[in-house]
Amino acid sequence: MRHFGTTIFAEMSALAVRTGAVNLGQGFPDNDGPPEMLEAAAEALRTGHNQYPPGPGIPALRAAIAGHQRRFWSLEYDPDGEVLVTAGATEAVAAAILGLCEAGDEVVCFEPYYDSYAASIALAGAVRRPVTLQPADGGRYSFDPDELRAAFGPRTRVVLLNSPHNPTGKVFTRAELTQIAELCQEHGVYAVTDEVYEHLVYSDAAEPVHIPLASLPGMRERTVRISSAGKTFSCTGWKIGWASGPAELITAVTRVKQFLTYVNGAPFQPAVAVALGLPDSYYDGFRGGLEARRDQLVAGLTDAGFGVLPSEGTYFVTADITPLGGTDGMEFCRSLPERSGVVAVPTEVFYDDPRAGKRLVRFAFCKRPDVIDEAARRLRG
Ligand code: PMP
Ligand code: GLN
């Protein structure tokens with residue numbers, strides 16, 4: 001693991017602290033989650049929910065996770081055996097890859113990919129087969145279907161898919177998901193889906209609704225579907241995530257998970273159960289608020305001269321630095337705090353082929369409107 005070094009998020013957040021820059025790098029909100037959830041956590045702390053919870057997660061949370069998937073995505077999972085609570089989506093992804101892959105197996109993923117994917121695949125002794133997302137028509141990121149097909153072979157064990165996608169903000173369309181689903185079935189491959197931004201698909205997306213891969217024909221039985229409370233309820237530090245899928249796959253994930261953390265977050269589990277049951281108005285307000293902040297940041301970046309690419313979902317927008325004379329995103333981001341007092345993340349670190357993302361940087365808009373305004377003001381100079 002030596003060559004993995006330090007994550008870009010830690011490096012850039014440390015740079016923000018050191019320079020006093022506005023941190024639009026690491027994706028964490030600067031407000032707390034819903035008060036009902038915070039109150040439930042405080043109550044749980046005071047009323048004895050402070051020891052190891054059950055291995056798969058407390059029954060109330062597993063029931064709430066199953067209920068949430070039925071309510072929003074019409075997906076049915078048995079809370080007893082088909083749902084596992086994890087230490088964030090990060091642990092769920094790691095345990096799924098470790099549980100499903102043998103050394104030498106191949107994992108198809110889309111680059112730029114979330115950094116923990118490469119580490120999880122390496123820990124399993126597996127091999128990543130990235131398919132590159134490139135800005136195409138109108139800047140929307142897409143992939144070449146032939147490249148995707150060519151990535152599948154006799155050693156392919158898993159497709160690891162993230163939609164809505166970090167760092168590009170791409171939301172995979174039904175047509176794109178169908179291509180992936182057909183290849184999974186043709187090659188007898190499992191899917192592991194990271195859907196932590198499931199509630200952040202914006203109204204102008206090419207596919208303005210989130211579609212879980214598991215909801216496509218033939219996919220539920222081969223998919224481990226992963227999400228987490230961190231993004232949806234603005235509590236990234238709580239690290240409550242979950243995996244859902246057919247019992248035999250969840251058993252494989254659990255086998256690994258029990259030796260990674262065993263369990264976590266006892267007082268947060270009942271609180272997340274409360275949050276998952278919040279009315280539609282919470283979820284609509286959350287998405288609407290983030291969409292407005294996306295628009296605010298996109299306007300600011302455009303004014304500052306960036307080549308802003310469309311963001312259809314997530315906390316993030318990517319931008320081309322070429323119009324500003326930039327040629328190297330890493331260099332650009334390392335000097336941006338000194339030059340402008342703002343931190344962004346270079347996306348080249350999320351590619352196997354760093355040239356593909358060399359001129360792209362990522363900004364997070366999960367911040368208060370005044371913080372985004374201040375960043376935009378500084379970037380305009
Ligand atoms: N997957 C993606 C795509 C993410 O952007 C993030 C985090 N920000 C995670 C996983 C990690 O989620 P968690 O904090 O629940 O582990
Ligand atoms: N997911 C967050 C992001 O993309 C970072 C989480 C982390 O620091 N590992 O910014």
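Reader: What covers the buried residues of helix 5?

Author: The cover includes helix 4, strand 3 (106–111), strand 4 (127–132) and strand 7. Two conventions apply throughout: residues are numbered from 1 along each chain as its sequence is written, and chains are lettered from A and ligands numbered from 1 in the order in which they are written. This is a predicted model, in which local features need pLDDT of at least 70, side-chain atom pairs count only at pLDDT 80 or more, and totals for chains, interfaces and linings use all residues. Helices (H or I, at least four residues) and strands (E, at least two) are DSSP runs, numbered from the N terminus.

Reader: Which are the buried residues of helix 5, and how do you know that they are on the same side?

Author: In helix 5 (residues 115–123) the buried residues are Tyr 117, Ser 120 and Ile 121. They cover an arc of only 100 degrees around the axis, and therefore sit on the same side of helix 5. The arc is that of the directions from the helix axis to the C-beta atoms. An α-helix has 3.6 residues a turn, so residues three or four places apart point the same way.

Reader: What makes Ser 234 count as buried?

Author: A residue is buried if 20 or more other C-beta atoms, placed from the backbone, lie within 10 Å of its own, exposed if 12 or fewer, and partly exposed in between. Ser 234 has 20 C-beta neighbours inside 10 Å, and therefore counts as buried. Ser 234 lies in the loop between helix 8 (229–232) and strand 10 (240–244), and has a positive phi of about 50 degrees although it is not a glycine.

Reader: Why is Lys 239 called partly exposed?

Author: Lys 239 has 19 C-beta neighbours inside 10 Å, so it counts as partly exposed. Lys 239 is also in the loop between helix 8 and strand 10, and its phi is positive, about 55 degrees, although it is not a glycine. Most residues other than glycine have a negative phi, and most peptide bonds are trans.

Reader: Is Asn 31 buried or exposed, and what does it touch?

Author: Asn 31 has 9 other C-beta atoms within 10 Å and is therefore exposed. Not counting residues up to four places away in sequence, Asn 31 touches Ser 234 and Arg 368; contact requires C-beta atoms, placed from the backbone, within 7 Å. Asn 31 is found in the loop between strand 1 and helix 2 (35–46).

Reader: How do you know that the span of helix 7 agrees with what it should be?

Author: The expected span of a helix is 1.5 Å times one less than its number of residues. The 14 residues of helix 7 (residues 174–187) should span 20 Å, and the end C-alpha atoms are 20 Å apart, so the two agree.

Reader: Why are the buried residues of helix 7 said to line one face?

Author: They are Glu 176, Leu 177, Ile 180, Ala 181 and Cys 184. Seen down the axis, they fall within an arc of 135 degrees, so they line one face of helix 7. These residues pack against strand 7 (156–162) and strand 8 (190–194), while the face turned away carries the exposed residues Ala 175 and Glu 186. Gly 188, with a positive phi near 60 degrees, follows helix 7.

Reader: Which residues touch the most other members of the largest nonpolar core?

Author: A nonpolar core is a set of buried Ala, Val, Leu, Ile, Met, Phe, Trp, Tyr and Cys residues joined through C-beta atoms within 7 Å. Of the 117 residues in the largest one, those touching the most other members are Ala 96, Ile 97, Val 158, Val 192, Val 272 and Phe 363. Helix 4 (residues 88–100) gives the most to this core, with nine residues.

Methods: Two residues are in contact if their C-beta atoms, placed from the backbone, lie within 7 Å.
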